[in-house]
Amino acid sequence: MATFSVWRGRGGRSVGTRSDIALRFDAAQAVVISSAEELAAMSPGFLHSVSKQFNVDLLAARLCPVLLMDQSVAIFALAEHVGSDQADELARQIIKSGYAPANPARYVLAAPLLLAIARQQITAQSLSSQPGVRLTQSKTALADAFQDLVEWGVRNGASDLHLNVCLREPVSQVKYSLSGRYVAPERFRGMPTSMLVDMLSVAWMDIVGGNGAVFDPMLEQQGSMTRLVDGRDIMLRWASLASDNGPSVCLRLLERETSARLPSLSELGYLDDQVELIKRVMLSEGGAVIFAGTVGSGKSTTLASLIAGIPSHRKVITIEDPVEYLIPHAIQNTVARNLDVAAHQNYAAKLRALKRSAMSDVLLGEIRDEETGRAFMDLAGSGVNIYTTVHAASALLVPERLASDFIGVSRDFLAMPGLLKLLVFQALLPVLCADCALPAHSLYDSSRHAGLGFRTEKQWRVWLGLIHEMFGYPIEGFRVRNLAGCASCARPHLADLNGYAGRTVVAEAIEPELWPEFLQGIRQGDMQACLDSQSPWDPAYSNEMTVSRSALDCAVLKASQGLIDPCDIELRFHAFETERRLRELRPVRRPAVQRHRIVT
Ligand SMILES: [Zn+2]
């Protein structure tokens, strides 16, 4: 058995010896086999795949050595791989192992046919009886298995489906993001690696706007497709990572239903004063509203909800990669931005057209590099209302992110009065099941909290005391998760989610114009001054509007109402003890903005 690794030779051709050069192949000489019938008719006749013998199983979706009836070995490949370094290397190994190279030596096949051959689903035997039917059946079976994975995710409210292929292991991982947790349902445990790779290869064939004609385990690939689940259009956004263990494919599941009503800001979890602030800021013309948060923090949903609320007498245009939610009245544009030159030209052309569209409001999907940074400056500078998202760890850090070398928006531009209209940071935290959440003091009973055994009863008492001391809420209102769950929250085989019922937004919002030290800090690149001018939110003023309430403050407020487990707040932000130490570091100042009592 040959044990060479065909994974090498990825970075261009190596300089070969004279005999190597003789093996090089002109791709134009390859013979095309376009159906199972043509395969059955080829001469010399096809016997079966020998990819196992040559240890190239992992390349099966692209390249496959096959034994012919005259005992010679031919190479079956996808068109773009038939003349590759890997195919040349395989040709060398065929000779080295004592086989005669077939004549013609290489054939071009379509992906499904190649896959079926490599997986021994098509052999000389099966070809003699209805080859086309068998191929269709195996392809359909894989497509059905993939659909099953998608359906399970959609029906259980998953935000993402993760397919982690472990090429060196017989089985691979199928996981979902459910209520913000990364879980592996029983049902899909032990998925055979080869089946998962085949399934991904078949699924990729339906990708729109993707890079690459076939699924390539060694490439980062992106694209999207739609699937119908229970009569609903679900968009799958595909992003694969070529990890050391094999391809890790993440599929974001997005419902694309025009009739599906977008949740309001309050329904998402924004507090009344935050909703009021956002609505007030939206009234003025021009400037940017920027949402920050981590991946999966729901900022696109919030943005879509906000845009959907813009009155119809305003012209709203979106540029997204891809469009995630269908927003009534908005003119939406998917602009895929990958690494190829054409995509960049397409993006630039779209922007030029956009500027001539006389719109009043623009949603710019995400600012994540110089190209989108320039687009942001261009649009925000033209006086339209712009809504966008960035990855940043707090609202305060949004301007820093935009001014970073990576994005390169100028500080003077950001500090222009009225330009940054509103900065919002949001995170999603699990909501406790109202039917079974336990009072906070049940933390003292260690037998009920096997998973939280890192604190003793005494330490839990100190911990709750610390929360009370820092935030001022009576501890009686706090509740914690019931790990056992109850009839209304427990799901079969998903004990990870027991005691939870959905998620809620915790957010912070800054109106930079009302915070002169902040604008000054942006201009001078001195964030310390901004941080110093921020004083901890004082719950004694909980009925008052303030700019200085952080997302963590917001989370603790919800925890005091028994909605969120305080343990989850620590997991999402940091330990309360860390918060105490951070507060000690901060100089005590007056709040940056005069607190206004809300007249009710
Ligand atoms: Zn429950």
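Two residues are in contact if their C-beta atoms, placed from the backbone, lie within 7 Å. The structure described here is a predicted model, in which local features need pLDDT of at least 70 and side-chain atom pairs count only at pLDDT 80 or more, while totals for chains, interfaces and linings use all residues. Residues are numbered from 1 along each chain as its sequence is written.

**Overall composition**

- The protein contains 20 helices and 23 strands; helices (H or I, at least four residues) and strands (E, at least two) are DSSP runs, numbered from the N terminus.
- Of the 600 residues, 39% are buried; a residue is buried if 20 or more other C-beta atoms lie within 10 Å of its own, exposed if 12 or fewer, and partly exposed in between.
- Among contacts between residues at least 6 apart in sequence, 64% join residues at least 24 apart.

**Helix α15**

- Helix α15 comprises residues 457-471, and its 15 residues should span 21 Å at 1.5 Å a residue, which agrees with the 21 Å between its end C-alpha atoms. The expected span of a helix is 1.5 Å times one less than its number of residues.
- W460, I467 and F471 are the buried residues of α15. They lie on the same side of α15 because they cover an arc of only 20° around the axis, the arc being that of the directions from the helix axis to the C-beta atoms.
- An α-helix has 3.6 residues a turn, so residues three or four places apart point the same way.
- The buried residues of α15 pack against α18 (551-560), α19 (566-572) and α20 (576-585).
- K458, V462, G465 and E469 are exposed on the other side of α15.
- G472 follows α15 and has a positive phi, near 85°.

**The seven-stranded sheet**

- Seven strands form an open sheet with mixed pairing, in the order β15-β14-β16-β17-β13-β18-β21; two strands pair if DSSP finds at least two bridges between them.
- The edge strands, β15 (331-334) and β21 (500-510), each pair on one side only.
- Neighbouring strands of this sheet are turned by 20° against each other on average, direction ignored. Axes are lines fitted to C-alpha atoms, for helices over the stretch in contact, and angles run from 0 to 180 degrees between N-to-C directions.
- Four bridges link β14 (residues 316-320) and β15 in the parallel sense, and I317 has I331 in β15 as its bridge partner.
- Helix α9 (residues 272-282) packs on the sheet, touching β13 (287-292), β18 (420-432) and β21, and its direction makes about 50° with that of β21.
- Helix α10 (residues 299-308) also packs on the sheet, where the strands touched include β16 (361-364) and β17 (385-390); its direction makes about 165° with that of β17.

**The five-stranded sheet**

- Five strands form an open sheet of mixed pairing, in the order β1-β5-β4-β3-β2.
- β1 (31-33) and β2 (46-49) each have a single partner strand, so one side of each is left without a neighbour in the sheet.
- From one strand to the next, the twist averages 35°.
- Strands β4 (residues 72-77) and β5 (residues 100-109) run parallel and are joined by five bridges; the bridge partner of A77 in β5 is V108.
- Helix α4 (residues 111-118) lies across β2, β3 (63-68), β4 and β5, and runs at about 60° to β3.

**The hairpin of β10 and β11**

- Strands β10 (residues 222-229) and β11 (residues 232-243) pair in the antiparallel sense over eight bridges, with R227 opposite I234 in β11.
- Two residues lie between the strands of this hairpin, and D230 takes a positive phi near 50°.
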